[in-house]
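Visitor: Before we discuss individual labels, could you put the structure up, so that each term can be set against its criterion?

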Amino acid sequence: MSLKLELETPLTLIQVYAPTDNSGAAEKESFFEEVQKQIEHAEGRQRKVIVMGDLNGRVGNNYQEAMGCMGRFAGERTINYNGQRIIDLCVANELLITNSLINHKRIHQFTFESSQQQKSIIDYFLMQKQLR
């Protein structure tokens with residue numbers, strides 16, 4: 001779903017719910033292709049983009065290898081396939097993973113907790129660097 005707002009800076013919000021890491025490769029590939037298509041559509045109309053929602057990925061915390069798309073305060077070490085795809089999407093579109101820009105208390109960083117009490121960050125707010 002996307003929402004177009006008529007602000008001083010034209011902005012498109014893209015709300016997402018990604019397939020889980022256990023989903024098939026084709027389903028995940030299709031999802032990220034569709035997000036890319038929506039970003040390109042908005043940019044083609046001279047609009048800035050924010051992608052937000054449950055991206056079902058874990059991007060890790062190695063901000064030095066994230067090629068400028070992650071801040072120093074990414075909360076967890078784990079990175080998975082969807083997480084790498086999020087980083088790739090950010091690099092390709094000059095997006096920032098804003099969850100990683102502010103040093104939150106550990107208890108406030110996690111967006112998911114499993115029934116086995118395992119915590120992770122899978123919900124993200126990605127914005128174009130020019131909006132920072």
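Visitor: Leaving aside its neighbours within four places in sequence, which residues is Val51 in contact with?

Guide: In this predicted model, Val51 is in contact with Ile14, Val16, Val35, Ile39, Tyr124, Phe125 and Leu126, once neighbours within four places in sequence are set aside. Val51 also belongs to the largest nonpolar core, which has 24 residues, and is listed with Ile39, Ile86, Ile97 and Leu126 as touching the most other members.

Visitor: Which element gives the most to this core?

Guide: Helix α1 does, with five residues, while β2, β3, α2, β4 and β7, like α1, each supply at least two.

Visitor: Why is the pair of Phe31 and Phe32 called edge-to-face?

Guide: Their ring centres are 5.0 Å apart, which lies within the 6.5 Å limit for a pair, and their planes stand at 80°, which is over 60, so the pair counts as edge-to-face. A search of the whole structure finds one aromatic pair, and both Phe31 and Phe32 are buried.

Visitor: What puts the buried residues of α1 on the same side of the helix?

Guide: The buried residues are Lys28, Phe31, Phe32, Val35, Gln36, Ile39 and Ala42, and they cover an arc of only 130° around the axis, which therefore places them on the same side of α1. On the other side of α1, Ala26 and Gly44 are exposed, whereas what covers the buried residues includes β2, β3, α2 and β4.

Note on methods:
Residues are numbered from 1 along each chain as its sequence is written. This is a predicted model: local features need pLDDT of at least 70, side-chain atom pairs count only at pLDDT 80 or more; totals for chains, interfaces and linings use all residues. Side-chain values use heavy atoms; hydrogens and water are left out. Rings of Phe, Tyr and Trp (its six-membered ring) pair if their centres lie within 6.5 Å; planes under 30 degrees apart count as stacked, over 60 as edge-to-face and the rest as tilted. Buried means under 20% relative accessible area, exposed over 50%, partly exposed in between (1.4 Å probe, protein chains only). A nonpolar core is a set of buried Ala, Val, Leu, Ile, Met, Phe, Trp, Tyr and Cys residues joined through side-chain atoms within 4.5 Å. Helices (H or I, at least four residues) and strands (E, at least two) are DSSP runs, numbered from the N terminus. Contact means heavy atoms within 4.5 Å. The arc is that of the directions from the helix axis to the C-beta atoms.
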